Amino acid sequence: MKQKWKAFKEQQARISELDDRTLLLNLYLTQAITLIIGVVWIWFQQRNPFELLLFPSNAQPWLWGIGLAAIVIIVDLLISRFVPDDVTDDGGVNERLFRDRPVWHIFIIALIVSICEELLFRGAIQFAIGPYWTSILFAAIHVRYLKHWVPTALVFSIRYAMGLMYEWTGSLWAPIMAHFVIDFVMGLILRYRREA
């Protein structure tokens, strides 16, 4: 039994070795765990997670989210045009996830990821430790970016901007909207760039 466990622990899957079903299962399981941790943490903070997800009474949070997303997408496109690929390499995870996915599935992935991650990171963690340290934690969790300073700096900067935007608007939907638009548009770019 010990030998089987040791062999299991030592195996490290590469993104190229995962089939599509395993990749999606990993994604959805990770998001389910993220959602559960976020909801439980918010309850332990004696707050109601469902109140955090109430739609805002005005358009300001939506507009802030879309505006930030537009800036991030423009910056990302400029970086991808002028910075060598080996400096921004994420190990192929995003390309593998989106390249053959239908548009409706890219939409669903972007929606689920944005809600689950923002509920945990903005709704729970940021409430406890603030936007700066939450952004550092978020960047550190995205281990695949840590090999290169450009994507790490970009992830930190985007998350810090989302944290500040959440504090300014008071609505979790502002960072959710930004996160969703960024992931959806970048997913479409990866998908259609491959087709071209």
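Predicted model: local features only at pLDDT ≥ 70, side-chain atom pairs only at ≥ 80, totals over all residues.
Good morning, colleagues. I begin with the overall architecture. The protein chain contains nine helices and zero strands. Of its 196 residues, 41% count as buried. Among the contacts with a separation of 6 or more, 79% join residues 24 or more positions apart. The chain exposes about 12,000 Å², and carbon and sulfur atoms supply 65% of that area.

I turn next to the interior. In soluble globular proteins, nonpolar side chains tend to be buried together. In this model, the largest nonpolar core has 29 residues, and Leu 97, Ile 109, Met 162 and Ile 182 have the most contacts inside it. At least two residues of this core come from each of helix 2 (20–44), helix 4 (60–82), helix 6 (93–98), helix 7, helix 8 (149–169) and helix 9 (173–195). Helix 9 gives the most, with nine residues. Apart from this core lies another, of 15 residues, including Val 39, Ile 125, Tyr 166 and Ile 176. To return to Ile 109: leaving aside residues up to four places away in sequence, Ile 109 touches Leu 24, Leu 27, Tyr 28, Leu 97, Phe 98 and Arg 101.

Now to the charged residues. How many salt bridges does a search of the whole structure find? The search finds four. Glu 118 pairs with Arg 122, with the closest N and O atoms 3.0 Å apart. These two residues are four apart in helix 7, so about one helical turn separates them. Glu 118 also forms a salt bridge with Arg 159, here with the closest N and O atoms 3.8 Å apart. This second pair links distant parts of the chain, since Glu 118 is in helix 7 and Arg 159 is in helix 8, 41 residues away.

Arg 122 is buried at 0%, and Arg 159 is buried with a relative accessible area of 10%.

Another salt bridge joins the side chains of Arg 99 and Asp 100, at 3.6 Å from N to O. Here Arg 99 is partly exposed at 30%, while Asp 100 is exposed at 66%.

Finally, the surface. Ile 129, Tyr 132, Trp 133, Ile 136, Leu 137 and Ile 141 make a nonpolar patch of about 560 Å². Thank you.

Conventions:
Residues numbered from 1 in each chain as written. Heavy atoms only, no water. Patch = residues over 30% accessible without salt bridge, like charges linked within 9 Å, V, L, I, M, F, W, Y side chains within 5 Å. Areas by Shrake-Rupley, 256 points an atom, 1.4 Å probe, with all protein chains shown as cover. Core = buried A, V, L, I, M, F, W, Y, C linked by side-chain atoms within 4.5 Å. Buried < 20%, exposed > 50% of the residue type's maximum accessible area, 1.4 Å probe, protein only. Contact = heavy atoms within 4.5 Å.
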